[in-house]
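Okay, thanks for coming, everyone. Let me put the model up, and then I'll walk through a few spots.

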Amino acid sequence: HGWQLPSGEVWWRIEVDGVIGWANQRYLSRLGPVDDSTSAVVALLGEIPTAETMLELGRIVADALAEGPGFDVTLVEAPTVGDLGEVTFDLTGSGDDSIAGYRLHVFGQPSDSGEGFFLGAVEATSFCQRGIHDGRCA
């Protein structure tokens, strides 16, 4: 449930794991479409990136995609390693009134030598500020 103040600000009641709190709407967004951004990263870097750790590989990818509009880069989920390595970063603060940023889920393939990783795939989920229309941020 949302609550609108006389100033026009809207606050939403949030409940997670039985804990109730309130969040200002300006800090919330809807998850939008998921796009494969692997080829964009490779094009930006001029090659398939490699790194010693998944954290380092994820940071290389996030920094490459954050270059243009001045995004803030935040680690959201620490790296995990199984058959694939995975790490998640948020890019926020784009200044766009439609898209607040992106959640990057970076997948790495272990190198043949077993030391380090090379980029397998990048999934980018849009954070939609104003809502979603026809599967895209409005």
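**A walk through the model**

Let's start with Thr125: leaving out residues up to four places away in sequence, Thr125 touches Leu31, Gly32, Pro33, Val34, Gly101, Tyr102 and Arg103, where contact means heavy atoms within 4.5 Å. Before I go on, the ground rules: this is a predicted model, with local features needing pLDDT of at least 70 and side-chain atom pairs counting only at pLDDT 80 or more, while totals for chains, interfaces and linings use all residues. Residues are numbered from 1 along each chain as its sequence is written, and side-chain values use heavy atoms, with hydrogens and water left out.

So where does Thr125 sit? Thr125 is in strand β9, residues 117-128; helices (H or I, at least four residues) and strands (E, at least two) are DSSP runs, numbered from the N terminus. Thr125 is buried, at a relative accessible area of 15%. For these labels, buried is under 20% relative accessible area, exposed is over 50%, and partly exposed is in between, with a 1.4 Å probe and protein chains only.

One of those contacts, Arg103, brings us to the salt bridges. A search of the whole structure turns up three of them, a salt bridge being a side-chain nitrogen of Lys or Arg within 4 Å of a carboxyl oxygen of Asp or Glu. Arg103 pairs with Asp90, and their closest N and O atoms are 2.7 Å apart. Arg103 lies in β8 and Asp90 in β7, so this pair ties together parts that are 13 residues apart in sequence. Buried or partly exposed, for Asp90? Asp90 counts as buried, at 11% relative accessibility, while Arg103 is partly exposed at 30%.

Next pair: Asp63 and Arg59, with 3.2 Å from N to O. They're four residues apart in helix α2, which means about one helical turn between them. Both ends are partly exposed: Asp63 has a relative accessible area of 30% and Arg59 has 38%. Then there's Arg13 with Glu15, closest N and O atoms 4.0 Å apart. Arg13 is partly exposed at 35% relative accessible area, and Glu15 is partly exposed at 49%.

The buried residues of α2 include Met54, Leu57 and Val61. And what do the buried residues of α2 pack against? That would be α1 (38-45), β5 (50-51), β6 (72-81), β7 (85-92), β8 (99-110) and β9.

Two of those strands, β6 and β7, pair antiparallel over seven bridges; strands pair if DSSP finds at least two bridges between them. A hairpin of three residues joins β6 to β7, and Val81 stands opposite Gly85 in β7.

Asp17 lies in the loop between β2 (10-16) and β3, and it's exposed, with a relative accessible area of 80%.

Last stop, the surface. Trp3, Leu5, Ile20 and Trp22 make a nonpolar patch with about 450 Å² of accessible area together. Patches take residues with over 30% relative accessible area and no salt bridge, joining like charges within 9 Å and nonpolar side chains (Val, Leu, Ile, Met, Phe, Trp, Tyr) within 5 Å. Accessible areas come from Shrake-Rupley with a 1.4 Å probe; for residues, only the protein chains shown count as cover. Trp22 itself is in β3, residues 19-24.
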